[in-house]
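Subject: Structure handover

Hi,

Here is the structure I promised to pass on. Have a look at it first, then read my notes below.

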Amino acid sequence: GKVHNPEWNRNEIPHSCGELCGKKRQCLDCPHLCNILCHPGPCPSCPAFVTKTCECGQTSHSVRCGQSTKIHCSNVCGNTLNCGKHSCTQVCHAGKCSPCQLTAQQVCYCGSNFKEVLCGTKEEFSDGFGNFSCQNICGKKLNCGRHNCTQVCHPQPCQLCPRLPQVVYRCPCGQTPLSKLLELGCVERKICTDPIPSCGKTCGKPLSCGSYEFIHTCESLCHEGDCRPCSHTSNIYCRCGFKKKEVPCALLRNKAAITFMCDKRCNKKRSCGRHKCNEVCCVDIEHKCSLVCGRKLNCGLHRCEEPCHRGSCQTCWQTSFDELTCYCGESVIYPPVPCGTQPPECKKPCTRPHDCDHPVYHSCHSEEKCPPCTYLTQKWCMGKHELRSNIPCHLTDISCGLRCNQVLKCGMHKCKRICHKGECLIDEECKQPCIIPRLYCNHPCMAPCHPSSPCPTTPCCAKVDLQCECGRRKESMICSEASNTYQRIAAISIATKLTDLQLGDSVEISRLITKKEMKQARLQCDEECLALQRNRRLAEALEIDDNSDPFNVRSSGPKYSDLLKEDARKDLKFVSDIEKEMRMLVEAVNKGKHTKKSHCYPPMNRDHRRIIHELAQVYGIESVSYDNEPKRNVVITAVKGKSICPSNTLTSVLDKEMQSRPPPPIPHYKQTDKSSGNSGLSKPLKEEPVIDYFDVQD
């Protein structure tokens with residue numbers, strides 16, 4: 001901590017200044033500073049030797065300063081104990097000595113009671129005659145010799161007699177001095193037994209009844225002794241303090257003696273935490289529950305008989321003295337058997353009766369029901385389509401995954417549900433589209449199944465493929481719209497033919513529109529169609545074969561981007577493996593019965609994923625990236641009729657380009673100075689990062 005940002009030196013510890021550390025060690029009693037060079041981490045323990053005494057202080061030893069262990073000798077401690085009379089008899093120990101364990105007899109202050117305590121206990125409370133208060137009335141004779149002390153057992157000397165003439169200066173009520181009463185002719189008191197003169201006024205001493213707001217006082221004339229009962233009334237509270245009641249003060253000599261109970265029930269939870277107290281005028285603090293717990297014990301057979309409590313019940317204490325065996329009797333647990341003990345585990349085969357005759361592979365068990373039989377058998381599926389193999393014996397309802405294909409009640413359709421159990425349609429009617437061909441277009445009706453009624457007259461919604469006369473233009477259209485279009489074109493054609501009738505020519509109407517033409521609506525040829533027909537006539541005139549390809553237009557293979565070719569040159573093996581997998585996937589989907597097939601590639605980097613996406617476009621394959629980095633991978637899906645295998649693969653295209661390319665020139669390197677550490681080859685420029693636009697699609 002002496003130098004900020006120290007300079008680096010290969011011969012010193014990193015981040016070190018190379019000077020002495022000089023820090024104070026972590027040991028609180030070590031006065032020495034760290035004497036090694038600047039270092040990381042805490043300072044090591046102090047290597048200096050110092051003289052330390054043992055715990056009792058009788059012997060001394062030379063130890064290392066950094067040693068944290070305490071030193072103990074084999075001598076007796078001998079220190080004075082807390083009583084101040086005896087010494088410690090333990091061997092040299094740490095900490096304070098234990099209190100003195102010898103007993104001594106002590107007497108109370110009034111001398112009527114004795115007790116035995118440990119030596120040195122409450123010695124500070126001694127007054128020279130006693131050590132404790134017995135809480136009884138003292139009873140010692142006062143200095144007058146006629147009266148006894150009425151105080152509780154006390155350490156100080158008893159007080160003077162309260163009736164001595166030297167002590168009493170006023171009348172019994174305390175309102176008038178005795179000197180004034182002597183002037184009025186009262187007899188002077190000589191001893192403590194002489195009566196105290198009365199002033200004749202109302203006493204006025206506060207009584208024990210009343211409240212803090214209204215204090216009741218004695219209404220009698222000045223008198224000696226206790227005051228008479230009060231003539232007023234006082235309010236007393238029930239024991240829980242919720243309600244109060246008014247009673248005569250004459251009956252209320254002690255408020256604690258007169259109590260009543262209110263009708264309020266306690267709503268607090270008992271100590272068990274399950275039940276409410278419900279005690280009337282409750283004054284309990286702990287609210288202990290007196291009910292029986294009654295919860296089931298761990299055995300599951302008996303209930304807890306302890307008072308209701310928190311937490312888990314104790315284990316069942318009942319025990320059986322009968323042997324506990326497994327079902328077959330091979331394994332035995334001998335008594336005593338605690339209640340709730342499960343039958344012993346048995347390794348023998350199960351001997352219970354089973355529903356099938358297959359061999360038993362499970363062990364003896366205590367459960368009444370055996371595990372299901374897993375023996376592999378042959379069973380028919382629920383629809384009786386095929387006999388399935390390797391079916392566990394306990395399985396009853398087996399589906400083959402094929403369509404049901406049973407004829408429905410309508411007699412026209414078949415059930416399209418996957419192989420199922422029971423009837424195809426129980427309370428429902430067939431709702432499949434009607435397949436009866438229409439009268440004009442021969443397309444199916446497609447209305448909901450109506451076996452007992454004729455097909456409704458609705459427009460046909462089936463899609464038909466239309467094309468022009470030359471066959472170049474192709475378009476899909478709804479059947480009803482296509483027929484309306486052709487009828488309009490046919491009407492125009494008839495109208496043009498009928499114009500000849502006005503000129504006096506005869507026209508045969510039956511040849512204008514045939515039945516075949518009514519069923520085949522066509523599109524009109526556009527300018528491009530006319531251009532193709534003109535080119536075809538020109539080719540016939542010049543005797544050019546249609547199958548020839550002089551400009552190599554048809555044989556041109558798929559177009560691979562320059563970036564894809566460049567990536568393929570860098571990693572040709574990876575590209576060839578990807579193309580091989582794609583070709584196999586396309587061939588499999590085109591030859592198989594499934595319309596789609598997918599393949600999942602393992603997680604790879606961004607550049608490899610981009611190559612897969614670009615190749616998938618060439619092959620007509622769908623490709624999507626899933627998951628996040630670094631687990632991001634690509635899944636490709638080939639679709640039947642859409643995915644193709646190009647004639648020229650990317651690897652073959654690269655091979656042809658390599659064969660047609662001239663050999664590269666021999667590079668000439670500039671000679672450099674040997675002393676310089678740089679080579680003559682110039683470093684290639686850093687390529688710009690390529691954005692993977694194909695990853696955006698997910």
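What follows is a short tour of what turned up, from the whole chain down to single residues.

A word on the ground rules. This is a predicted model, in which local features need pLDDT of at least 70 and side-chain atom pairs count only at pLDDT 80 or more, while totals for chains, interfaces and linings use all residues. Residues are numbered from 1 along each chain as its sequence is written, and side-chain values use heavy atoms, with hydrogens and water left out.

The whole chain

The secondary structure comes to 8 helices and 19 strands. Both kinds are DSSP runs numbered from the N terminus: H or I of at least four residues for helices, E of at least two for strands. Of the chain's 698 residues, 26% count as buried. Buried means under 20% relative accessible area, exposed means over 50%, and partly exposed is in between (1.4 Å probe, protein chains only). As for contacts (heavy atoms within 4.5 Å), take those between residues at least 6 apart in sequence: 30% of them join residues at least 24 apart.

The nonpolar cores

A nonpolar core here is a set of buried Ala, Val, Leu, Ile, Met, Phe, Trp, Tyr and Cys residues joined through side-chain atoms within 4.5 Å. The largest one has 25 residues, and Met582, Ile612, Leu615, Ile621, Ile636 and Leu650 have the most contacts inside it. At least two residues each come from α5 (562–570), α6, α7, β19 (633–639) and α8 (650–660). Helix α6 gives the largest share, 7 residues. There is also a second, separate core of 14 residues, including Val168, Leu181, Ile196 and Cys218. As background, nonpolar side chains tend to be buried together in soluble globular proteins.

Zoom in on Met582 and you'll find that, not counting residues up to four places away in sequence, it touches Tyr601, Ile612, Leu615, Ala616, Tyr619, Ile621 and Ile636.

How the helices pack

Start with α6 (residues 572–591) and α7 (residues 606–619): they pack at an angle of about 40°, with their axes 11 Å apart. Axes are lines fitted to C-alpha atoms, for helices over the stretch in contact, and angles run from 0 to 180 degrees between N-to-C directions. The two helices are therefore oblique to each other. On that scale, angles under 35 degrees are roughly parallel, over 145 roughly antiparallel, 65 to 115 roughly perpendicular, and the rest oblique.

Leu563, Leu564 and Asp567 of α5 make the contact with Arg610, Ile611, Glu614 and Leu615 of α7.

Single residues to look up

- Val337 is in strand β12 (residues 337–338) and is buried, with a relative accessible area of 5%. Leaving out residues up to four places away in sequence, Val337 touches Thr319, Ser320, Asp322 and Leu324.
- Pro336 sits in the loop between β11 (332–333) and β12, and the peptide bond from Pro335 to Pro336 is cis, with omega near 0°.
- Pro630 lies in the loop between β18 (622–626) and β19, and the bond from Glu629 to Pro630 is cis too, with omega near 0°.
- Asp627 is also in the loop between β18 and β19, and has a positive phi of about 65° although it is not a glycine.
- His287, in the loop between β8 (244–248) and β9 (319–320), has a positive phi of about 55° without being a glycine. His287 counts as buried, at 7% relative accessibility.

Cheers
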